[in-house]
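Hello,

Here is the structure I promised to pass on. Please open it first, then read the notes below.

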Amino acid sequence: MTSTTEARVSRPIADLESDSLLGSFPDGPRLVGTRCDRCGRTMIGVRVVCSSCVSTDVSRIELPTTGVLYTFTRLHVGGDGIRILGYVDLDDDVRTLADLREDGTPLRPGLRVELGVDGDNWFFAPVSGATKGQSDD
Ligand SMILES: [Zn+2]
């Protein structure tokens with residue numbers, strides 16, 4: 001039995017313009033973000049509408065390269081070794097899911113992390129010198 005009619009479905013408007021979160025900026029490769037010109041909200045990725053106020057007055061920006069590790073987990077997948085995934089709260093109030101690397105510093109929530117770029121891949125790793133205790137004196 002063959003179907004000759006195809007149902008017309010209305011598709012949601014994609015708010016993300018592209019899948020890649022890494023963009024070229026004067027300072028080098030950075031995570032791409034969008035800032036709403038109406039309400040000031042910052043979002044990750046290139047968006048055509050603000051996810052807070054639905055304004056289309058949005059600008060492409062580069063996101064900060066540093067943030068704080070919110071939480072993480074280690075995934076043991078097949079023979080590929082261990083993949084570390086976590087949520088990073090960037091310094092302008094954007095939370096992103098990211099690959100993490102340890103580079104000798106044990107990961108823990110609250111740790112300062114910074115963006116690293118390896119070809120087309122990006123990740124966050126502890127900020128150099130983050131092993132020192134973060135006492136707020
Ligand atoms: Zn907005």
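**Asp92 and the zinc site**

Asp92 sits in the loop that links strand E6 (82-90) to strand E7 (95-100). Keep in mind that this is a predicted model.

Asp92 is buried but forms no salt bridge. Its nearest side chain of opposite charge is Arg35, 4.1 Å away. Arg35 is still a contact of Asp92, if neighbours within four places in sequence are left aside. Thr42, Leu63 and Pro64 complete that contact list.

Next, the metal. Four cysteines coordinate the zinc ion through SG: Cys36, Cys39, Cys50 and Cys53, at 2.3 Å. Along the chain, these donors are spaced C-x2-C-x10-C-x2-C. The site is tetrahedral, with angles of 106 to 117° among the four donor atoms.

Cys39 has a relative accessible area of 40%, so it is partly exposed.

Now the whole chain. The protein chain has nine strands and zero helices. Its pattern along the sequence is therefore β-β-β-β-β-β-β-β-β. Of its 137 residues, 31% are buried. Take the contacts between residues at least 6 apart in sequence: 42% of them join residues at least 24 apart. The accessible surface is about 9200 Å², and carbon and sulfur atoms hold 47% of it.

Best wishes

Technical notes: Residues are numbered from 1 along each chain as its sequence is written. This is a predicted model: local features need pLDDT of at least 70, side-chain atom pairs count only at pLDDT 80 or more; totals for chains, interfaces and linings use all residues. Side-chain values use heavy atoms; hydrogens and water are left out. Helices (H or I, at least four residues) and strands (E, at least two) are DSSP runs, numbered from the N terminus. Buried means under 20% relative accessible area, exposed over 50%, partly exposed in between (1.4 Å probe, protein chains only). Contact means heavy atoms within 4.5 Å. Accessible areas come from the Shrake-Rupley method with a 1.4 Å probe; for residues, only the protein chains shown count as cover. Lys and Arg count as positive and Asp and Glu as negative; His and the chain ends are not counted. A salt bridge is a side-chain nitrogen of Lys or Arg within 4 Å of a carboxyl oxygen of Asp or Glu. Donors are N, O and S atoms within 2.8 Å of the metal (3.2 Å for Na, K and Ca); water is not among the atoms, so sites may look incomplete. Four donors count as tetrahedral if all angles lie between 85 and 135 degrees; four count as square planar and six as octahedral if opposite donors are over 155 degrees apart and all others between 65 and 115; anything else is irregular.
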